[in-house]
Amino acid sequence: MTETITFFKTLTPTGYLFLALTALTLLSAISVVTARNPIYSVLGLIATFFCLSGHYILLNAQFLAAVNIIVYAGAIMVLFLFTIMFLNLRKEDEESKTNLTKMASVVVGGILMVMLITIFRAKSAQVPVVNATTFDAKTGLVENLGNLLYSDYILPFELASVLFLVAMVGAVMLGKREAGDRHF
Amino acid sequence: MDLTILSAKGIIILAVFGITLLIAMYSTYAERKVAAFLQDRIGPNRAGPWGLLQPVADAGKMFFKEDFIPSQASKWLFILGPCLAILTALMSSAVIPFGDTIRFSWDSKNYEVAVQAIEINIGVLYIFGVVSLGVYGIMVGGWASNNKFSLLGAIRAASQNISYEIALGLSLIAILMMTGSLSLRAIIDEQASFFEWNVFTQPLGFIIFLTCAFAECNRTPFDLPECETELVGGYHTEYSSMKLGFYLFSEYINMFVSSAFISALYFGGFHYPFMDLVGGALENSLGAVAGHNVATLIGVVVFFAKIFFFIFFFMWVRWTLPRFRYDQLMNLGWKTFIPLSILNVVITGAGLLFNFKYSTWLIAIVMIVLAVMSSARAPKRTVVPQQTV
């Protein structure tokens with residue numbers, strides 16, 4: 001008990017902020033899974049994205065935080081909400097709640113957890129401690145990120161954009177109305 | 001940070017907040033006056049001199065009306081909807097630079113504070129993020145009402161906002177390429193001389209941005225989410241009392257913020273022609289501190305004049321143009337604006353390679369020529385002589 005009290009006394013304001021933000025993140029992430037209504041789930045997921053953006057800001061990555069909000073909370077989740085609003089929510093969808101799907105989701109989730117634990121426990125993946133005196137305050141800002149993306153990581157960056165282009169062309173192909181299709 | 005700078009910043013933040021609310025409040029009055037002027041009527045003139053107390057009377061009426069929540073509605077989301085709408089609307093004015101700096105000395109130290117609530121180096125992204133969140137208020141409220149008309153309004157709002165955000169962002173990218181910074185202050189400082197205002201270097205981007213701003217604010221001719229001929233009241237059909245008031249109010253705040261954003265991005269913000277001469281003369285005659293402050297004040301007044309012009313422009317368009325049909329709206333967004341803005345980005349990049357800033361006039365000239373040609377080739381409308389009875 002005294003250990004926890006001394007631990008809380010030694011924390012910096014940033015530490016308190018981190019703890020509060022983490023609690024919020026976990027709460028909203030749990031509410032995504034436990035909510036009965038899909039709309040509440042989506043709103044919980046949006047709250048989770050906001051908390052993650054807060055974590056990015058604490059890690060000095062302003063650009064990443066803003067882009068996370070614009071892309072995930074602002075565009076993708078709007079589309080999610082859009083789709084869910086079209087579904088008939090009054091009827092209970094029994095098909096997605098069979099024992100098989102529950103087993104499958106447990107297995108997938110368990111594998112993901114094992115993977116994450118092994119990654120974080122690996123010696124080579126330990127995050128190096130930042131030296132406060134030599135730390136460059138501009139590390140996570142746009143200019144540095146842009147320079148890195150267009151010099152060291154140019155090939156993965158361009159490959160990822162080609163991947164997006166392929167996905168977009170595929171979406172247009174699927175959405176195209178063919179000659180005999182009926183009009184809605 | 002210094003406590004003096006913090007308190008100065010606090011005063012500026014409070015002032016920005018208050019001015020935003022005040023301008024939004026009087027925009028409702030101005031809207032009715034402009035509508036009256038355009039339709040040859042008088043407009044509100046009973047409450048106070050020239051009807052100036054009309055917004056106060058309206059707000060009082062809104063507060064005292066019955067606050068009704070439909071029995072089948074999802075209660076908390078029904079309340080959350082207008083909260084989100086007004087929250088996102090009020091958040092966006094935080095990063096707009098309203099003026100240059102103010103100099104003052106306190107406790108025998110000299111300070112220089114920028115007239116801006118917060119200066120962050122990703123100001124453009126911040127506004128873009130807040131704008132993209134604005135649709136949640138409408139969607140959540142429309143869905144929670146448990147009314148088919150509200151749901152249709154919410155869905156229209158969502159698809160319209162997503163479609164026009166893309167063109168909005170792409171037209172912004174051309175400006176970011178020219179400035180090389182995401183900070184709004186840096187973008188304004190780039191436009192110090194009159195002929196380098198972005199409206200002259202990016203004429204096409206300006207038109208795309210302006211139209212997309214109309215669509216993002218749900219203003220006529222893009223006000224399909226609240227189209228009363230088809231959807232009763234659109235997403236706010238079930239709302240009453242101040243909840244409805246918040247939805248309507250957030251629209252006016254969004255209008256103010258978009259006007260400020262347009263003037264900052266394309267019309268040089270607080271810059272005006274011969275600004276250096278005026279500033280220099282003032283500093284010579286009044287001293288470095290007082291002269292600089294007066295010059296800043298003139299800049300702020302000029303910025304607000306630009307903002308008021310654009311608010312008027314929003315109203316002018318509303319009472320002049322009819323509404324689009326929904327498929328026309330989607331075709332305009334996806335098949336016209338997105339290709340045009342991508343072309344704009346490419347041509348701007350090509351121009352920047354050769355250090356030529358005015359390259360996008362090429363597209364503008366080609367478009368004008370095409371428009372003239374197509375109107376010349378269009379079949380002439382023959383005037384049928386009226387038959388006298």
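This is a predicted model: local features need pLDDT of at least 70, side-chain atom pairs count only at pLDDT 80 or more; totals for chains, interfaces and linings use all residues.
User: How many residues of chain A are in contact with chain B, and how many of chain B with chain A?
Analyst: Chain B and chain A bury about 2,100 Å² between them, with 78% of that area on carbon and sulfur atoms. On the side of chain B, the residues that lose the most area to chain A are B:Tyr136, B:Trp143 and B:Ile155, together 28% of what that side buries. The contact involves 26 residues of chain A and 22 residues of chain B.

User: Which element gives the largest share of the side of chain B that touches chain A?
Analyst: Between the two chains there are zero salt bridges, while three residue pairs are in polar contact. Two elements of chain B give two or more residues to this side, namely helix 4 (123-144) and helix 5 (148-179). The largest share, ten residues, comes from helix 4 of chain B.

User: Which parts of chain B does the salt bridge between B:Asp58 and B:Arg32 tie together?
Analyst: The closest N and O atoms of B:Asp58 and B:Arg32 are 3.0 Å apart. B:Asp58 is partly exposed at 25% relative accessible area, and B:Arg32 is likewise partly exposed at 36%. Because the two residues lie in separate helices, the pair ties together parts 26 residues apart in sequence: helix 2 (residues 54-64) and helix 1 (residues 3-38).

User: Is B:Arg219, the salt-bridge partner of B:Glu251, buried or exposed?
Analyst: The side chains of B:Glu251 and B:Arg219 meet at 3.2 Å, N to O. B:Glu251 lies in helix 10 (residues 241-266) of chain B, and B:Arg219 in the loop between helix 8 (203-216) and helix 9 (228-231). B:Glu251 has a relative accessible area of 11% and is buried. With a relative accessible area of 0%, B:Arg219 is buried.

User: Which residues are linked with B:Arg219 and B:Glu251 in a network of salt bridges?
Analyst: The count over all chains comes to seven salt bridges. The network that includes B:Arg219 and B:Glu251 also links B:Glu31 and B:Arg318.

User: How many residues apart are B:Asp223 and B:Arg323?
Analyst: B:Asp223 forms a salt bridge with B:Arg323, the closest N and O atoms being 2.8 Å apart. B:Asp223 counts as buried at 8% relative accessibility, whereas B:Arg323 counts as partly exposed at 27%. The former is in the loop between helix 8 and helix 9 of chain B and the latter in the loop between helix 12 (288-318) and helix 13 (326-353), a separation of 100 residues.

Definitions and conventions. Residues are numbered from 1 along each chain as its sequence is written. Chains are lettered from A and ligands numbered from 1 in the order in which they are written. Side-chain values use heavy atoms; hydrogens and water are left out. Contact means heavy atoms within 4.5 Å. Buried area is the accessible area (1.4 Å probe) that two parts lose on being put together, summed over both. A salt bridge is a side-chain nitrogen of Lys or Arg within 4 Å of a carboxyl oxygen of Asp or Glu. A polar contact is a pair of N or O atoms within 3.5 Å; within protein, one must be able to donate a hydrogen and the other to accept it, and residues adjacent in sequence count only if both atoms are side-chain atoms. Helices (H or I, at least four residues) and strands (E, at least two) are DSSP runs, numbered from the N terminus. Buried means under 20% relative accessible area, exposed over 50%, partly exposed in between (1.4 Å probe, protein chains only).
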